[in-house]
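Colleague: Thanks for sitting down with me over this one. Could you take me through the model, starting with the terms you use?

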Amino acid sequence: KANLYSFIFFSESTDYGPSRRLDMYMIIGAGKCGTALLADFWKTRTEVGKGNKQYYCTPVVINTAVPDFIYALKKGISVDRWLGICRPTSSDDDKRRVLRGNDTKFGSKIVGGMGKRFKWGYEAAEEAKEELKEMLPQMMPSLRPTMRTRPFFKRASNKTELVKQEIELAIMFFGLGGGTGSGCAPIISQIFHELGIPIFAVGVLPSANEGNDYAKNAHYSMGETIKHANALILADNELIDREGGAQKYYKSFNKFISGCVVDLFLRHLASGEKSKPLDRPMIDHRDFVNATTLSAQRKGIAIIGRATVGVKDLDSRGQNLREVLVERAFCQMSVPKPEISKGEKVFFQFTYHPSLDKRDFPCDKITKEMKQQTTRDSVFSGFNTTSLRVAKLAFAQVYRPQDIERIVAIKNQARQAE
């Protein structure tokens, strides 16, 4: 069956078929929240069908607590994808600060988290920075090029040589309220910035009821991460802060966030989808960097959302699409009740069944509708087709930090914790 979330993990002997550029993405989960989001992303990515052979994606878990690594293992992320951060004592003979999951000392040295303290996580990651900078590129797989794909593998001299692939884009999931994720995220962003690799940081805000200390962690982590990350995307636990929320809504919220990321940045590479018709615009992660850049000295913060409707729900002229799909998407955003009228730019991917074209499907009207949701009339639009009988809209609306009410509230809570 064709599907929207179809990717596959290739072995070293994979034959990549037709000569095409191979896009290599690294998906990172930092801390407990980031690990859970990465696990949901990885499950979504692998659980259905075959993938597109021009695509390769590798997960990396960065953490300080063994239970979080065990959770990743249960979700199918193997131990060779783990990087554990530790702080050796003065009496410890082994002074390494980063261990791979398959290291024999991993279980004994990675013994606890960072106590929900941003400062501890930041200092531990800063001390381990040089080791992380060396080890992260090594987490990419070695692939064996074929005769047809060899031109796309740098330093490949023959068919039997295994070539370490370079990272095209890194996407990092992390929680802003804890210690490990909030502390590691700024350092990881800085590492990729120094390596010249674009990185998108997807952070989850703590709810107001989680307390001022969590808000303080979030305030400092956001301020440091946005300095080096190419883009900062926010989600908010306030959306699930209700009775029974942690158990009832947590998993679905994680699935929503990871699904938005797939739809926005990996959609054009998914199995079952095509970049046709050719006269329709396409976008990639480079356009997203432009969308989140408000000026030479100022970056915006993105809030994401998405919605899906079945083809049978649309009328024969496609007019119901704007009324149903766009409205529904803006009602399902990752941060509660943003002032949509203050959005500076919009980046969106629209995926639809080809039968909608036969009904004079109004893609230009979708673009016009999205443009009206911005103060600058600035929109970055991409269109893809799918064999599924659905129309799906995923978008990121970019704001100035001071225009997002929850960021202002987090800042005020942080002041109270000082």
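Modeller: Happy to: buried means under 20% relative accessible area, exposed means over 50%, and partly exposed is in between (1.4 Å probe, protein chains only). This is a predicted model, in which local features need pLDDT of at least 70 and side-chain atom pairs count only at pLDDT 80 or more, while totals for chains, interfaces and linings use all residues. Residues are numbered from 1 along each chain as its sequence is written, and side-chain values use heavy atoms, leaving out hydrogens and water.

Colleague: How many helices and strands are there in the chain?

Modeller: Helices (H or I, at least four residues) and strands (E, at least two) are DSSP runs, numbered from the N terminus. By that count the chain has 14 helices and 16 strands.

Colleague: What share of the contacts between residues at least 6 apart in sequence join residues at least 24 apart?

Modeller: A contact here means heavy atoms within 4.5 Å. Of the contacts in the chain between residues at least 6 apart, those joining residues at least 24 apart make up 79%.

Colleague: Is phenylalanine 69 stacked or edge-to-face with phenylalanine 106?

Modeller: Rings of Phe, Tyr and Trp (its six-membered ring) pair if their centres lie within 6.5 Å; planes under 30 degrees apart count as stacked, over 60 as edge-to-face and the rest as tilted. The search of the whole structure finds 15 aromatic pairs. For phenylalanine 69 and phenylalanine 106, the centres are 5.0 Å apart and the planes are at 80°, so the pair is edge-to-face.

Colleague: How many residues apart in sequence are the parts tied together by phenylalanine 69 and phenylalanine 106?

Modeller: Phenylalanine 69 is buried at a relative accessible area of 0%, and phenylalanine 106 is buried at 5%. The former lies in helix α2 (residues 66-74) and the latter in helix α3 (residues 106-109), so the parts they tie together are apart in sequence by 37 residues.

Colleague: Is leucine 73 buried or partly exposed?

Modeller: Leucine 73 is also found in helix α2. With a relative accessible area of 41%, leucine 73 is partly exposed.

Colleague: How many residues apart in sequence are the parts that arginine 286 and glutamate 168 tie together?

Modeller: A salt bridge is a side-chain nitrogen of Lys or Arg within 4 Å of a carboxyl oxygen of Asp or Glu, and the structure holds 16 of them. The side chains of arginine 286 and glutamate 168 form one, at 2.5 Å from N to O. Arginine 286 is partly exposed at 41% relative accessible area, whereas glutamate 168 is buried at 14%. Since arginine 286 lies in helix α10 (residues 285-292) and glutamate 168 in the loop between β6 (163-164) and β7 (169-175), the separation is 118 residues.

Colleague: Where are lysine 392 and aspartate 263, the pair that links distant parts of the chain?

Modeller: Their side chains meet in a salt bridge (3.9 Å, N to O), and both residues are buried. They are 129 residues apart, with lysine 392 in strand β16 (residues 390-399) and aspartate 263 in helix α9 (residues 250-266).

Colleague: Which residues do salt bridges that share partners join into one network?

Modeller: Start with aspartate 403 and arginine 400, whose side chains meet at 2.9 Å, N to O. Aspartate 403 is buried at 11%, and arginine 400 is partly exposed at 28%. The network consists of Glu344, Arg376, Arg400 and Asp403.

Colleague: How far apart in space are leucine 132 and isoleucine 191, C-alpha to C-alpha?

Modeller: Leucine 132 is found in helix α5 (residues 129-135) and is buried, with a relative accessible area of 0%. Beyond its neighbours within four places in sequence, its contacts include Leu83, Val98 and Ile191. Leucine 132 and isoleucine 191 are 59 residues apart in sequence, and their distance in space is 7.9 Å.
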